[in-house]
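Please look through the structure shown below before reading on.

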Amino acid sequence: MPSYTPMPSDTFTFGLWTVGNIGRDPFGDPVRKPINPVEIVHLLAEVGAWGVNFHDNDLVPIDASPAERNRIVRDFNAALRETGLVVPMATTNLFSDPAFKDGAFTSNDPQVRAYALHKTMHAIDLGVECGAKTYVFWGGREGVETDAAKNPVEAIKRFREAINFLCAYVKDQGYALRFALEPKPNEPRGDIFLATVGHALAFIATLDSPEMVGVNPEVAHETMAGLNFLHGVAQAWDAGKLFHIDLNDQVVGRYDQDFRFAAVNLKAAFFLVKFLEDVGYAGPRHFDAHAYRTESYEGVKAFARGCMRSYLILKEKARQWNADADIQALLAEINAGDQAPIPYSAEAAEVLKERDFDRQALGIRGMPYEQLDQLTVELLLGVR
Ligand code: DIG
Ligand code: MN
Ligand code: MN
């Protein structure tokens, strides 16, 4: 029986802002006292995480002096050395400060756009200083409440100019850093640009250095849009653009809940874990989530342990699914016949046009998906 105990090789990470979430919400004050980055590193080490991520201002307050910044970073890196945790990813907070109330890269104010580049370059330097290899861009304020405010084409152009500028900066600095765009359809803005994985993939193709830029899909965000998260992840993987992933859970049609991984839709979480393990995704498994507002810090630790345990349990279920004789026999039946693609040639096209098909017979064949899905459900319910 596997132990489901997280190991560094599982590459589980949490942001400082996740287990450091103090429970503030739009209708309620904080319920937990703040804990500092060093305390968070030790909490994550205690629960078995491999790494920790941060926004610049999760680590260094926006109004810190250079001396304070250096002390904070020194203490943080000392805690990393002491615990063995690493920093695979960093990002910029371009959404909390009032300066960004109308966006950062897409703001109508050119001074704000310039300040956003300034802030992001310093944040990139900080992330690289702490060891980050992936840099996330979540454009939480890049959007509108009314389309009267901003021409969407102009907004996309500004977003592209900013990413092109920052890609060039990373190249000039010689940083071994890749960018990952994190889509979200709405919240906190009424509508956010680059709303889904599909929008982000199309945008990447328009950049000066598309090879440097991938995506960081989040379960809750695609789910908020009513989409099948696995399909977005699969399309990113197919395009070689799955640079990072934000794992959590979400009820469709709700605000961004950032629930503990697999807390809502076990079947969707199963197929996601199965996909990541089947294809050999080697990036961090980042839990961008937070504990319920009802919790103490013991509850926060239970939240973090639950994210990792559920992932590992579903990973074992995926191994069982792949080894289940009845399931594999059904898959063999479903995928019978010559599955090879038809390579194009003028002759092949002619032959195919002349070929006779028994359309009725094609429609009569039943596909055993009910049986296959029931076997899957029973495996997840632990009766297989
Ligand atoms: C929200 O889902 C966003 C921010 O927390 C952060 O910029 C990014 C990093 O995972 N996710
Ligand atoms: Mn989220
Ligand atoms: Mn996220």
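A residue is called buried if its relative accessible area is under 20%, exposed if that area is over 50%, and partly exposed in between, where the area is found with a 1.4 Å probe on the protein chains only. By this rule Asp56 counts as buried, because its relative accessibility is 7%. This is a predicted model, in which local features need a pLDDT of at least 70 and side-chain atom pairs count only at pLDDT 80 or more, while totals for chains, interfaces and linings use all residues. Residues are numbered from 1 along each chain as its sequence is written, chains are lettered from A and ligands numbered from 1 in the order in which they are written, and side-chain values use heavy atoms, with hydrogens and water left out.

Helices (H or I, at least four residues) and strands (E, at least two) are DSSP runs, numbered from the N terminus, and Asp56 has its place in one of them, helix α3, which covers residues 56-59. A contact means heavy atoms within 4.5 Å. Leaving aside residues up to four places away in sequence, Asp56 touches Thr91, Thr92, Asn93, Lys119, Ala123 and Leu126.

We can now turn to the sheet. Strands of a sheet pair through backbone hydrogen bonds, either parallel or antiparallel, and two strands are taken as a pair if DSSP finds at least two bridges between them. Here 8 strands form an open sheet with parallel pairing, and their order is β8-β6-β4-β3-β2-β1-β10-β9. The edges are held by β8 (213-215) and β9 (246-247), and each of these has a single partner strand, so one side of each is left without a neighbour in the sheet. Helix α7, made of residues 197-204, packs on the sheet and touches β6 (178-182) and β8, and its direction makes about 170° with that of β8; such angles run from 0 to 180 degrees between N-to-C directions, with axes that are lines fitted to C-alpha atoms, for helices over the stretch in contact.

Which residues coordinate the manganese ion (ligand 3)? They are Glu182 (OE), Glu218 (OE), Asp246 (OD) and Asp288 (OD), at 2.0 to 2.1 Å, where donors are N, O and S atoms within 2.8 Å of the metal (3.2 Å for Na, K and Ca), and sites may look incomplete because water is not among the atoms. The 6 donor atoms around this manganese ion (ligand 3) subtend angles of 75 to 176°, which makes the arrangement irregular. Four donors count as tetrahedral if all angles lie between 85 and 135 degrees; four count as square planar and six as octahedral if opposite donors are over 155 degrees apart and all others between 65 and 115; anything else is irregular. Glu182 lies in strand β6 and Asp288 in the loop between β10 (285-287) and α11 (297-323), so the pair ties together parts that are 106 residues apart in sequence. Glu182 is buried, with a relative accessible area of 8%, and Asp288 is buried at 9% relative accessibility.

The manganese ion (ligand 2) is coordinated by Glu218 (OE), His221 (NE2), Asp256 (OD) and Asp258 (OD), at 2.0 to 2.4 Å. Glu218 bridges this manganese ion (ligand 2) and the manganese ion (ligand 3), which lie 4.5 Å apart.

Finally, consider the backbone. Most residues other than glycine have a negative phi, and most peptide bonds are trans. A cis peptide bond, with omega of about 10°, joins Glu187 and Pro188, and Glu187 has a positive phi of about 75° although it is not a glycine. Glu187 lies in the loop between β6 and β7 and counts as partly exposed, at 27% relative accessibility.
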